[in-house]
Amino acid sequence: MHMADALLAPAVAGTMYVLSGTTAGLSVRTLRQEQEADPQKLPVMAVTSALVFAGQMINYTIPGTGSSGHLCGGMLLSALLGPQAGFLSMIVILTIQCLFFADGGLMALGANVWNMAFYGCFFGYYVIWRPLMRGGSPEKDRTNTRMRIIAASLLGCILSLQLGAFSVVLETSLSGITELPFGAFAGLMQPIHLAIGLVEGLITSAVLLFVYESRPELLQELSCAGAGGRLTAKRSLRTTVIVLAVTAAFVGGALSLFASSDPDGLEWALFGNEEEGYAANMGLDEENFGNQSAVADTAGRIQETTSLLPDYSFKDSESAAGTSVSGLIGSAMVAAVAAGICVAGGFFRRKQQQKAGTI
Amino acid sequence: MNKMDAALRELAGMDDLAALSSGIHRLHPAVKFLATILYIFTVASFSRYALSGLLPMVLWPVLLYQMSGIPVSLCFRKLRFVLPLVLAVGIWNPLLDRVPVLQIVTLTVTGGILSMCTLMLKGVLCLMASFLLMATTGIDRLCAALRAMHVPEYPVTLLLLTYRYISVMLREVSVMTDAYSLRAPGQRGIHFSAWGSFLGQLLLRSMDRAQSLYESMLLRGYRGGFHYAETRPIARKDWLFLGLSAASFAFFRLVPVAQILGGMFV
């Protein structure tokens, strides 16, 4: 799911940087406040993120198939370290993957952090892990806790991957990179990530179960769970049912949206149809929202000047660069200059080496 | 060689490149970082049909590769990660956008082919720039640059510590994987029954390792922050590099150089 720089427009990448950066800033603030109480957190985070980085390279055989799956970092890290620390650790992992392994672009880092770290750490933790883990007594009802760990890992991984994949589709479509309609692109991405999420969830739950059996105090929320009793057990069951119901509604809603007979429906609803005017599709007042409005004109002019978003109508325009023969010849000349720089560089290096050799 | 060993080699290779000495290596890391970000944003801002407009942007990284002595071929090896993903998205364009934009004798170039080629070129250029940054800077100097740009100490220290520990963890996982595969010949990956315990064992050991790491940091005088070797202020030549780079990006972005050059002959 690591996006390359080429797949994003600068405006979209910048927005994602702001979103991820703000969340990171807030996380740093929370962690700094915690630092005095727990000064060892930083080395623990570093070692755990290094472990997750290496652990993601392990191939886990999926029974019954010839293929293998991998670990889901965000969910594991937030279950072990908490959401803020998990988020920062994921940022560090993604930064190292981007800088040293070219896995995801530098400009796309903000988007990648959002797609792969935000949902797994914050959504996975606050919406899935914490509600499911709270309440039960880990000592008294171990089977119940085990089931809840499995459910939380599975739901967390599946949902965070679905949201992440959807964000990738949304960001790429907004960047105007692909001709693929929004609905078709989402229809490709979501089912693939449903399968990946399921496998990742199972692997993550296996690791978390092992930690629970050996050192349960390492897991977030479990260590501070209240004393067991019928009331808490009941509440935990109710929470489980509510979380499951919300998840089912979410997944059902999302799937029905994509299973619609008109896959372009969402694209049409989101972006409008330029030929018919945006107002015709969105039911908005054409004076204010249509193509002819003064606001749209000004916005269009600003966009043209800054040119941060790609120009959708460029291909029909007379000035389309790269469509003329002169463009072709010019490109060949640029390529020749580039080759010339390489030859000159090689020449000077050889000369330097010879000089060093004689000395 | 397993995946972990390959990753270790790749990390060591990058460290070796960063240890070379050249004018580009000696530039202030913050300046190089800013210029790279600016370059990538400029490349991404080109329209999806502006193939010939985008092409002159190749000159900046090509020149810097030559000046720094970093082999371009090393960077192109990393394309195996970038190009398949870019291609997976771009491959649909020729199928869906069939409006002809250029006729070369009998060959018709459609808008889709043009936009796909532009996308691929953008992918290559962005990779060239970010690889060059890391190959001439290294993690220590990059962290120093981030601190110089007032990025909070906490995430920067975390980045540095994690990077240092990644090689340790990769080695551990590599040894474990090798030991496992020797005991389970003919089996691809980790069996279902060992999914939890395989990484879980290492995780528990690592938590104890973090404890001793923290103690050793305290013994070496750690008080919540690291000191970086690269502390020199940004000099005039650094500003000159940034200014020239930014000016050339603006020039290539605003002036269709290839078009004008070609126009002289047509």
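## Exercises on two interfaces of a predicted model

Across the interface of chain A and chain B, the rule finds 7 residue pairs in polar contact, both residues being at pLDDT 80 or more; a polar contact is a pair of N or O atoms within 3.5 Å, where within protein one must be able to donate a hydrogen and the other to accept it, and residues adjacent in sequence count only if both atoms are side-chain atoms. This is a predicted model, in which local features need pLDDT of at least 70 and side-chain atom pairs count only at pLDDT 80 or more, while totals for chains, interfaces and linings use all residues. Residues are numbered from 1 along each chain as its sequence is written, chains are lettered from A in the order in which they are written, and side-chain values use heavy atoms, with hydrogens and water left out.

**Exercise 1.** Describe the side of chain A that touches chain B by its elements and its residue classes.

*Solution.* Start with the elements, where helices (H or I, at least four residues) and strands (E, at least two) are DSSP runs numbered from the N terminus. Among those of chain A that each supply at least two residues are helix H1 (10–35), strand S1 (60–61) and helix H13 (325–358). The largest share, 15 residues, comes from H13(A). Next, sort the residues of this side, which divide into 58 nonpolar, 27 polar and 7 charged; here Ala, Val, Leu, Ile, Met, Phe, Trp, Tyr, Cys and Pro count as nonpolar, Asp, Glu, Lys and Arg as charged, and the others, Gly among them, as polar.

**Exercise 2.** Find the area buried between chain A and chain B, and the salt bridge across their interface.

*Solution.* Buried area is the accessible area (1.4 Å probe) that two parts lose on being put together, summed over both. For chain A and chain B this area is about 9000 Å², of which carbon and sulfur atoms give 77%. In chain A, Leu51(A), Phe100(A) and Glu179(A) lose the most area to chain B, together 8% of what that side buries. A salt bridge requires a side-chain nitrogen of Lys or Arg within 4 Å of a carboxyl oxygen of Asp or Glu, and the rule finds 1 across this interface: Asp208(B) meets Arg215(A) at 3.4 Å, N to O.

**Exercise 3.** Examine how domain 1 and domain 2 of chain B meet.

*Solution.* The domain assignment, automatic or from a database, gives domain 1 (18–150 + 231–261) and domain 2 (152–230). The area buried between these domains of chain B is about 1100 Å², with 67% from carbon and sulfur atoms. Across their interface the rule finds 2 salt bridges. Asp140(B) forms a salt bridge with Arg164(B), the closest N and O atoms being 3.2 Å apart.
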